[in-house]
Amino acid sequence: DGYVTIKGRTKRFAKIAGEMVSLTVVETALSQLWPTYSHVAVNVPDDRKGEQVIILTTHPAPDRAEVAAHFKALKLPDLAIPKTLFHVDKIPLLGTGKTDYQQSKIVAGEMMASKKS
């Protein structure tokens, strides 16, 4: 039909209240705060703001207030502050060793659903 469809491409931005938030910037800021742990930022739907940023981290006790203070010190916008942080034993990886963002998004969605129950 003359069309090309790209499947599996991961969007690395969250659109929150009409603003674009880079998930890579969020991950970089977390790596500065907690350099010995692994982190992945994903976007999930949010009824109020369109999307929200969720963090999966290997940090055993992630504290949102600590993250918020760090982000403010870096002068990042409040919209970049992750709404929820979840501890995971390991970050999902592809066979190449790179972060599996699609699987991370699935895990985050499942954790959000179990949090609501």
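**Briefing: fold and packing of a predicted model**

Thr84 is buried, its relative accessible area being 8%. This residue belongs to strand S5, in a model that is predicted. The protein chain contains 3 helices and 5 strands, and from the N terminus on these elements follow the order β-β-α-β-β-α-β-α. With a radius of gyration of 15 Å, close to the 13 Å that the globule rule gives for 117 residues, the protein chain is as compact as a globular protein of that length.

**Overall dimensions and contacts**

- Along the principal axes, the C-alpha atoms of the protein chain fill a box of roughly 50 × 35 × 30 Å.
- Of the 117 residues in the protein chain, 38% are buried.
- Taking contacts between residues at least 6 apart in sequence, 58% join residues that are at least 24 apart.

- Strand S1 covers residues 13-16 and strand S2 covers residues 19-22; the two run antiparallel and are joined by 4 bridges.
- The bridge partner of Ile16 is Glu19, in S2.
- There are 2 residues between the strands of this hairpin, and Ala17 takes a positive phi near 50°.
- In a regular strand, side chains alternate between the two faces of the sheet.
- In S1, Ala14 and Ile16 make up the covered face, while Phe13 and Lys15 make up the uncovered one.

**The sheet of S3, S4 and S5**

- Three strands form an open sheet in the order S3-S4-S5, and their pairing is mixed.
- Strand S3 (39-46) and strand S5 (84-87) are the edge strands, each of them pairing on one side only.
- On average, and with direction ignored, neighbouring strands of this sheet are turned by 30° against each other.
- Strand S4, residues 50-57, runs parallel to S5 and is joined to S5 by 4 bridges.
- Within this pairing, Thr57 stands opposite His87 of S5.
- Helix H1 packs on the sheet and touches S3 and S4; the direction of H1 makes about 135° with that of S3.

**Packing of H1 against H2**

- Helix H1 spans residues 23-33 and helix H2 spans residues 64-73; their axes lie 10 Å apart and the packing angle is about 105°.
- Angles of 65 to 115 degrees count as roughly perpendicular, and H1 and H2 are therefore roughly perpendicular to each other.
- On the H1 side, the residues in contact are Val26, Ala29, Leu30, Gln32 and Leu33; on the H2 side they are Glu66, Val67, His70 and Phe71.
- By class, this contact has 6 nonpolar, 2 polar and 1 charged residues.

**Buried positions in the sheet strands**

Contacts within four places in sequence are left out of the lists for Val42, Leu56 and Thr84.

- Val42, in strand S3, has a relative accessible area of 3% and is buried.
- Val42 touches Leu23, Gln52, Val53, Ile54, Tyr101, Ser104, Lys105 and Ala108.
- From Val42 to Lys98 the separation is 56 residues in sequence and 15 Å in space, C-alpha to C-alpha.
- Leu56, in strand S4, has a relative accessible area of 0% and is buried.
- Leu56 is in contact with Ser38, His39, Val40, Phe86, Val88, Ile91, Ser104, Val107, Ala108 and Met111.
- Leu56 and Gln103 lie 47 residues apart in sequence, and their C-alpha atoms are 11 Å apart in space.
- Thr84, in strand S5, counts as buried because its relative accessible area of 8% falls under the 20% cut-off.
- Thr84 is in contact with Gln52, Val53, Ile54, Ile55, Met112 and Lys115.
- Ser104 and Ala108 are among the residues that Val42 touches, and Ser104 and Ala108 are also among the contacts of Leu56.
- Gln52, Val53 and Ile54 are among the residues touched by Val42 and among those in contact with Thr84.

Methods:
Residues are numbered from 1 along each chain as its sequence is written. This is a predicted model: local features need pLDDT of at least 70, side-chain atom pairs count only at pLDDT 80 or more; totals for chains, interfaces and linings use all residues. Side-chain values use heavy atoms; hydrogens and water are left out. Two strands pair if DSSP finds at least two bridges between them. Axes are lines fitted to C-alpha atoms, for helices over the stretch in contact, and angles run from 0 to 180 degrees between N-to-C directions. Angles under 35 degrees count as roughly parallel, over 145 as roughly antiparallel, 65 to 115 as roughly perpendicular and the rest as oblique. Contact means heavy atoms within 4.5 Å. Ala, Val, Leu, Ile, Met, Phe, Trp, Tyr, Cys and Pro count as nonpolar, Asp, Glu, Lys and Arg as charged, and the others, Gly among them, as polar. Buried means under 20% relative accessible area, exposed over 50%, partly exposed in between (1.4 Å probe, protein chains only). The radius of gyration is taken over C-alpha atoms; the globule rule is 2.2 Å times the number of residues to the power 0.38.
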